[in-house]
Amino acid sequence: MKKFLLTAVEDYISKRSSQIGGFSLNVTTAKISNPAISAGIRERLSLSEKEKSLYDVIVEHINKLNNRDFYRKNGELNEAAFYKYAFIDKSTWSSLRWGLIKLKKKTLLKLVIALKLNEDDAVDLMHRGSNSFDPKDKRDQIILALINLRVYDPVDVYEVLEEYRLNGYPEIENIYD
């Protein structure tokens, strides 16, 4: 275990907890940066964003990764390569693709890590998956700290969560168990 990683996570959580209002989450998910866009256009854009399925949003984020391992030689997305990389089983992925299930929080957190999302995109993905980060949940605080530290290696995430679980937070369920 990398001791500096645990120290960085703890420092981040402490810093964030001491901010005014306690451990707060940035829930702004607006993608529009041009203030000259009219309110009507902004509303239509936000409606079209909301209409995207969770699966569609995930595929968009996969495409942003530009990881050649997730594509076949003909350029098509190799979904199996991605869901295996994200430690998600085939039946869960198929159900997600067809909109048949509400994903468990653990699965959404695995996707957040695998997609290497920043905090805003992670909050948006969780929301689209009918879930959210709980500011009182130590595991959520740790995951957000890792996101902000740009730690996306599942092995590192697993080890950090295990270290916390074994040393004072037995209620933490590791997302990779």
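Colleague: What share of the contacts with a separation of 6 or more is between residues 24 or more positions apart?
Modeller: That share is 59%. Keep in mind that this is a predicted model.

Colleague: OK. How many helices and strands are there?
Modeller: There are nine helices and zero strands. Along the sequence the pattern reads α-α-α-α-α-α-α-α-α.

Colleague: And how much of the protein is buried?
Modeller: The chain has 177 residues, and 41% of them count as buried. The accessible surface comes to about 10,500 Å². Carbon and sulfur atoms hold 51% of that surface.

Colleague: Now the inside. How many residues are in the largest nonpolar core?
Modeller: It has 48 residues. Ile58, Phe82 and Trp93 have the most contacts inside it.

Colleague: Which helices supply at least two residues each to that core?
Modeller: Those are α1, α3, α4, α5, α6, α7, α8 and α9.

Colleague: Let's zoom in on Trp93. What does it touch, leaving out residues up to four places away in sequence?
Modeller: Trp93 touches Tyr55, Ile58, Ile62, Glu79, Phe82, Tyr83, Ile88 and Leu111.

Colleague: I see some rings in there. Which residues form the ring cluster?
Modeller: Ring pairs link Tyr55, Phe70, Phe82, Tyr83, Tyr85 and Trp93. Across the protein, the count is eight aromatic pairs.

Colleague: Can you describe one of them for me?
Modeller: Take Tyr164 and Tyr169, a tilted pair. Their centres are 5.9 Å apart, with 50° between the planes.

Colleague: Why do you give me both a distance and an angle?
Modeller: Because a pair of aromatic rings is described by the distance of the centres and the angle of the planes.

Colleague: Are Tyr164 and Tyr169 buried or partly exposed?
Modeller: Tyr164 is buried, at 7% relative accessible area. Tyr169 is partly exposed, at 28%.

Colleague: Switching to α6. How many of its residues are buried?
Modeller: 10 of its 10 residues are buried. Among them are Thr107, Leu108, Leu109 and Val112. Lysines are on that list too, including Lys105 and Lys110.

Colleague: What covers them?
Modeller: The cover includes α3 (54-65), α4 (79-85), α5, α7 (119-128), α8 (138-148) and α9 (154-166).

Colleague: What comes after α6 with a positive phi?
Modeller: Lys116 does, with phi near 55°.

Colleague: New topic, charges. How many salt bridges are there?
Modeller: The structure holds seven. One of them joins Arg16 and Glu119, at 2.6 Å from N to O. Arg16 lies in helix α1 (residues 3-18) and Glu119 in helix α7, so the pair ties together parts 103 residues apart in sequence.

Colleague: Are those two buried or exposed?
Modeller: Both Arg16 and Glu119 are buried.

Colleague: And which residue does Lys106 pair with?
Modeller: Lys106 forms a salt bridge with Glu173, and the closest N and O atoms are 3.3 Å apart. Lys106 is in helix α6 and Glu173 is in the segment after α9, so this pair ties together parts 67 residues apart in sequence.

Colleague: Why does Lys106 count as buried?
Modeller: Because its relative accessibility is 19%, and buried means under 20%. Glu173 is partly exposed, at 43%.

Colleague: Are Arg165 and Glu162 buried or partly exposed?
Modeller: Arg165 is partly exposed, at 28% relative accessibility. Glu162 is buried, at 11%.

Colleague: Where is Trp98?
Modeller: Trp98 is in the loop between α5 (90-97) and α6 (105-114).

Colleague: Why does Trp98 count as exposed?
Modeller: Because its relative accessible area is 61%, and exposed means over 50%.

Methods:
Residues are numbered from 1 along each chain as its sequence is written. This is a predicted model: local features need pLDDT of at least 70, side-chain atom pairs count only at pLDDT 80 or more; totals for chains, interfaces and linings use all residues. Side-chain values use heavy atoms; hydrogens and water are left out. Helices (H or I, at least four residues) and strands (E, at least two) are DSSP runs, numbered from the N terminus. Buried means under 20% relative accessible area, exposed over 50%, partly exposed in between (1.4 Å probe, protein chains only). Contact means heavy atoms within 4.5 Å. Accessible areas come from the Shrake-Rupley method with a 1.4 Å probe; for residues, only the protein chains shown count as cover. A salt bridge is a side-chain nitrogen of Lys or Arg within 4 Å of a carboxyl oxygen of Asp or Glu. A nonpolar core is a set of buried Ala, Val, Leu, Ile, Met, Phe, Trp, Tyr and Cys residues joined through side-chain atoms within 4.5 Å. Rings of Phe, Tyr and Trp (its six-membered ring) pair if their centres lie within 6.5 Å; planes under 30 degrees apart count as stacked, over 60 as edge-to-face and the rest as tilted.
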